[in-house]
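User: I have a structure to go through with you. Could you take me through it step by step?
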Amino acid sequence: MSTIASEAKVDAAAIDGLERSFRGQLVRPGDPTYGERRRVWNGSIDRSPALIARCAGVADVIAAVRFASDTGLVISVRGGGHSFPGLSVCDGGIVIDLGPMKGIRVDPETRTARAQAGVLLGELDRETQAFGLAVPAGIVTHTGLSGLTLGGGIGWLQRKHGLTIDQLLAVDLVTAEGELVTASEAQNPELFWGVRGGGGNFGIVTEFEFRLNQVGPIVLAGPIFWPMEESPNVMRFYRDWIADAPDDLMTIVVHRKAPPLPFVPTELHGKLVVAVVCCYAGAVEDGEKLVRPLREFGSPVLDACVPKPFLEHQAMFDPSFPHDWWYYMRSCDVAELTDDVIDIAVDRSLQIGSPRTAFPIWQMGGAITRVSEADTAFTGRHGGFTFNITAMTESAEGFEAERDWVRGFWSALEPYHAGVYVNFLMDEGDERVREAYGPDKYDRLKALKRRWDPGNVFRHNQNIPPD
Ligand SMILES: Cc1cc2nc3c(=O)[nH]c(=O)nc-3n(C[C@H](O)[C@H](O)[C@H](O)COP(=O)(O)OP(=O)(O)OC[C@H]3O[C@@H](n4cnc5c(N)ncnc54)[C@H](O)[C@@H]3O)c2cc1C
């Protein structure tokens with residue numbers, strides 16, 4: 001329905017005008033690739049834009065923003081298309097798709113890298129790891145660098161090297177008026193503060209510049225599995241074990257049914273398990289010593305924590321989060337893994353239905369906490385643990401039941417909620433966005449929005465309205 005309505009609204013001659021100078025590709029409803037190009041990672045999102053502008057460079061982004069402003073089309077901006085609530089595609093508007101903008105330049109001398117806005121995490125890792133370097137970023141290689149960075153960016157290296165934004169040096173950004181500006185500590189510093197956590201509210205970032213850190217190339221990494229019934233004990237042991245862990249260690253605890261991956265023995269497939277997934281980014285021998293007590297605790301049914309290339313570890317979760325499955329997530333930070341929290345978590349995890357559903361708990365802390373909370377728009381540097389309660393099904397079948405499980409679980413944890421990471425919000429309304437930043441930062445972000453986007457041109461995001 002929305003397609004028909006929007007087709008009627010957008011003047012074909014205006015699109016032809018745009019096309020004459022556009023270096024990338026314009027995809028309209030009815031074009032052979034339209035069906036594929038409007039899809040985003042989350043298969044439960046089904047939206048039909050009036051136009052998809054696949055930008056080849058900055059000039060295309062500027063042209064697309066000006067076109068939208070002239071025609072009154074709503075803009076959604078697409079980096080990697082991995083927003084859980086599908087914010088990078090809209091009904092009846094224009095998708096400014098940065099996907100083709102894949103340029104990456106690594107300078108091993110200065111240990112910096114520049115990456116364009118269509119780069120995916122695995123693409124950046126591949127280029128930086130050629131020099132034994134990396135930007136700390138997320139845990140699934142097909143996630144977009146753009147959206148992840150603009151929200152903050154958490155991942156396997158966060159405890160050692162901080163959030164993705166903690167290594168960000170500068171961005172180039174196209175404003176609501178179609179002007180290109182740079183934001184860094186030296187140029188437009190308040191804007192630079194805002195893009196480090198404030199998402200796409202202030203403009204379209206076309207290029208990022210990062211500082212690089214030495215990483216690997218070999219790390220000690222991978223999961224250790226126990227039957228989920230052992231989780232109450234495993235989680236209590238884990239809580240004490242990580243209490244004094246060095247920043248080289250980052251862990252994610254996952255409750256789920258064991259996936260049918262090549263390294264998981266067939267007899268475990270589909271069995272409820274708890275896994276502690278480790279990534280030790282220091283010397284492998286030190287990691288082995290540190291991880292030994294965990295390996296020896298209880299009766300693990302699989303130990304796949306081994307020395308391996310960092311690139312291989314980065315791709316470990318890829319098959320568990322493919323494109324087109326149906327996803328729904330509710331997230332919260334929780335300060336401590338108290339006995340109560342552990343008991344709720346395990347009790348609810350034992351009720352997981354779908355063989356795809358997963359409930360990861362991220363260990364926070366380390367380098368993230370050594371940047372002051374006030375220094376960036378990202379909020380929650382002192383959050384203890386980030387919970388992602390994620391429903392996953394291969395199609396619509398069984399999705400609702402799984403989503404109800406997520407909501408019930410999330411509500412049961414309500415007394416322990418201590419903030420939320422903006423990139424893990426669904427479409428949860430203004431109040432939740434305000435909660436994600438807290439009142440002071442939210443007001444500062446609003447002032448910034450008034451300065452750079454008073455008309456709320458960039459609103460198809462976790463929106464901070466100007467008024
Ligand atoms: C499988 C999976 C794994 C994930 N793992 C992690 C993880 O390890 N760590 C983590 O921190 N997060 C993670 N996330 C969350 C992720 O950070 C967000 O979903 C993020 O928005 C994805 O960025 P994207 O560019 O792919 O998304 P998109 O859907 O393209 O964009 C997301 C939002 O950002 C805006 N946007 C995108 N690019 C730009 C730009 N260049 N300029 C302005 N606005 C822009 C969009 O308009 C939209 O509002 C994961 C998500 C998924 C689906």
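User: What span should helix 10 have, and what do its end C-alpha atoms give?
Analyst: This is a predicted model. Helix 10 covers residues 284-295, and at 1.5 Å a residue its 12 residues should span 16 Å. The end C-alpha atoms of helix 10 are 15 Å apart, which agrees.

User: Which residues of helix 10 are buried?
Analyst: The buried residues of helix 10 are Val284, Gly287, Val291, Leu294 and Arg295. They cover an arc of only 80° around the axis, so they sit on the same side of helix 10.

User: And which are exposed on the other side of helix 10?
Analyst: Glu285 and Lys289 are exposed there.

User: Which residues of helix 9 are buried?
Analyst: Ser231, Val234, Met235, Tyr238, Trp241 and Ile242 are buried in helix 9. Their arc around the axis is only 125°, which places them on the same side of helix 9. On the other side of helix 9, the exposed residues are Asn233 and Asp240.

User: Let us turn to the ligand. How many residues surround the ligand, and which are the closest?
Analyst: The ligand is surrounded by 35 residues. The closest are Val77, Gly79, Ser88, Ile154 and Tyr421.

User: How far is the polar side-chain atom of Tyr421 from an oxygen atom of the ligand?
Analyst: The distance is 2.6 Å. In the side chain of Asn423, an N or O atom is 3.0 Å from an oxygen atom of the ligand. For His460, a polar backbone atom lies 3.4 Å from an oxygen atom of the ligand.

User: How much of the accessible area of the ligand does the protein cover?
Analyst: On its own, the ligand has 940 Å² of accessible area, and the protein covers 96% of that.

User: Which elements give two or more residues to the shell around the ligand?
Analyst: They are strand 3 (75-78), helix 6 (145-151) and strand 10 (204-211). Helix 6 provides the largest share of the shell, four residues.

User: How do the residues of that shell divide into nonpolar, polar and charged?
Analyst: There are 17 nonpolar residues, 17 polar residues and one charged residue in the shell around the ligand.

User: A change of topic: the backbone. Where is there a cis peptide bond?
Analyst: Gly216 and Pro217 are joined by a cis peptide bond, with omega about 5°. Pro217 belongs to the loop between strand 11 (213-214) and strand 12 (218-227).

User: Why point that out?
Analyst: Because most peptide bonds are trans, and most residues other than glycine have a negative phi.

User: What about phi of Asp324?
Analyst: Phi of Asp324 is near 85°, a positive value in a residue other than glycine. Asp324 lies in the loop between helix 11 (310-314) and strand 17 (326-334).

User: Where is Asn456, and what is its phi?
Analyst: Asn456 is in the segment after helix 14 (430-452). Asn456 is not a glycine, yet its phi is positive, about 50°.

User: Is Asn456 buried or exposed?
Analyst: Asn456 has 11% relative accessibility, so Asn456 counts as buried, the cut-off being under 20%. Asp324, with a relative accessible area of 44%, is partly exposed.

Note on methods: Residues numbered from 1 in each chain as written. Predicted model: local features only at pLDDT ≥ 70, side-chain atom pairs only at ≥ 80, totals over all residues. Heavy atoms only, no water. Near = heavy atom within 4 Å. Polar contact = N/O pair within 3.5 Å; in protein donor to acceptor, adjacent residues only side chain to side chain. Areas by Shrake-Rupley, 256 points an atom, 1.4 Å probe, with all protein chains shown as cover. Nonpolar A, V, L, I, M, F, W, Y, C, P; charged D, E, K, R; others polar. Buried < 20%, exposed > 50% of the residue type's maximum accessible area, 1.4 Å probe, protein only. Arc of directions from axis to C-beta. Expected span 1.5 Å × (residues − 1).
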